Structures are given as structure tokens and as C-alpha cells.
Amino acid sequence: MRSLPITFCATLAAATIALPASTALAESDKDHKGSVSVTPSTVSPGGEVELWVDACGKSRSATGNSEAFVSEARFAPADGKGLFAEARIRSDAAPDDYEVWVTCKDGHGKATGTFTVVHHSRPSPVAPVRAGGGGTAALAEQAGEQSGPGTRHAVIGLALGAVAAVAVAFRSARRRRSALD
């Protein structure tokens with residue numbers, strides 16, 4: 001009667017000892033799976049994204065690909081944060097969600113991630129922008145369309161000049177009279 005509890009305990013002890021070993025073996029055979037962090041997660045065609053992956057374990061390099069990338073992204077070590085790469089988005093990429101696939105160089109790790117390509121309603125400049133002191137470019141353009149001072153400005157200028165000439169003549173005459181006296 002005592003043999004049943006002893007058998008049960010022995011079986012339980014053997015399973016406990018074998019379980020960590022079988023789990024470790026299964027873990028070493030299995031690929032490390034992870035995710036790809038894409039920054040920014042929303043980008044326009046022709047833009048660049050930064051990719052981070054931590055699924056490669058001790059591997060020092062990896063490659064990443066997406067239907068929206070211009071070319072394959074090559075990952076390199078990045079300050080203890082896993083692997084890092086930059087990728088440029090095709091200029092003709094359609095607005096949609098795209099998936100990124102990363103494969104570690106040693107073949108023991110894979111990761112996936114997503115990002116979104118959007119088209120902005122504002123066109124971006126393709127040539128240098130005409131500028132001149134911020135908002136003064138528009139004012140300068142409007143001022144260039146005017147032909148200059150008109151008749152009214154000329155009459156006011158002549159009147160002010162005449163008043164100044166009379167004032168100078170009056171003062172000079174007054175000084176001559178005070179010097180003669």
C-alpha cells in the first residue's frame with residue numbers, strides 16, 4: 001500500500017527533472033520570433049523609416065524587406081538595443097499598410113512588423129522656394145506691381161520743398177537784418 005505514493009512521488013520527481021531539459025532543447029531548436037519596431041509608423045512615399053529588431057539574439061546582422069522599400073534593409077548592432085537599420089520608401093508606393101520581414105543572418109530568428117504609407121494633401125516642394133524675410137516675399141511682389149509715386153505724391157513733395165525754401169529764405173533775411181542793426 002505504501003508503494004503507490006512512493007511510485008507517484010518518484011514519477012513526479014523524474015518529470016520535474018526532465019521538463020526543464022526538454023524545454024531548453026525545444027527552445028534551442030525553435031526560431032526566436034520577435035517584432036520589428038518601425039519609426040515613424042506612418043510615412044509618405046519617398047520618406048525614410050528606422051527599423052529596430054531584437055529577435056536575433058547573438059546574431060550581429062540581419063536583413064529586412066518590404067514591398068514598399070526601395071531596397072533591402074541591412075541591420076547592424078545598435079547600442080545594446082538589438083539591431084538597427086534605415087529604409088527608404090518607394091516614391092510610387094500606394095497608400096496602404098505594409099509588412100516588414102526580418103531574417104537574422106544565422107537563420108535562428110525572424111521578426112515582422114507593419115507601417116502605413118499615406119499621401120499628404122499638400123504637395124511638397126521640389127525646387128527651392130522663393131523667399132525673402134518670411135512673409136515679406138508676398139508683400140514685395142505686390143509692391144513690385146505698383147508703378148511708383150503718382151501725381152498726388154509729386155504735388156505734396158513740391159509743396160513741402162517750397163515751404164522749406166521759403167523758411168530758409170525768411171531765416172536768412174532775418175539774420176542779415178539783425179547783423180546790420
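The largest nonpolar core in this predicted model has 25 residues, and L51, F69, F75, I89 and F115 are the ones touching the most other members. Six strands each put in at least two residues: strand 1 (32-39), strand 3 (48-53), strand 5, strand 6 (83-88), strand 7 (96-104) and strand 8 (109-117). Strand 7 is the top contributor, with four residues.

**Around L51**
- Setting aside neighbours within four places in sequence, L51 makes contact with V36, S37 and V38, and also with F69, A73 and F75.

**S66, a buried serine**
- S66 sits in the loop between strand 4 (62-65) and strand 5 (73-77).
- Its relative accessibility is 5%, so S66 counts as buried, the cut-off being under 20%.
- The S66 side chain gets to the backbone oxygen of E99 at 3.0 Å.
- Leaving out residues up to four places away in sequence, S66 touches Y98, E99, V100, W101 and F115.

**The T39-P40 bond**
- T39 and P40 are joined by a cis peptide bond, with omega at about -5°.
- For context, most peptide bonds are trans.
- P40 itself is in the loop between strand 1 and strand 2 (42-43).

Methods
Residues are numbered from 1 along each chain as its sequence is written. This is a predicted model: local features need pLDDT of at least 70, side-chain atom pairs count only at pLDDT 80 or more; totals for chains, interfaces and linings use all residues. Side-chain values use heavy atoms; hydrogens and water are left out. Buried means under 20% relative accessible area, exposed over 50%, partly exposed in between (1.4 Å probe, protein chains only). A polar contact is a pair of N or O atoms within 3.5 Å; within protein, one must be able to donate a hydrogen and the other to accept it, and residues adjacent in sequence count only if both atoms are side-chain atoms. Contact means heavy atoms within 4.5 Å. A nonpolar core is a set of buried Ala, Val, Leu, Ile, Met, Phe, Trp, Tyr and Cys residues joined through side-chain atoms within 4.5 Å.
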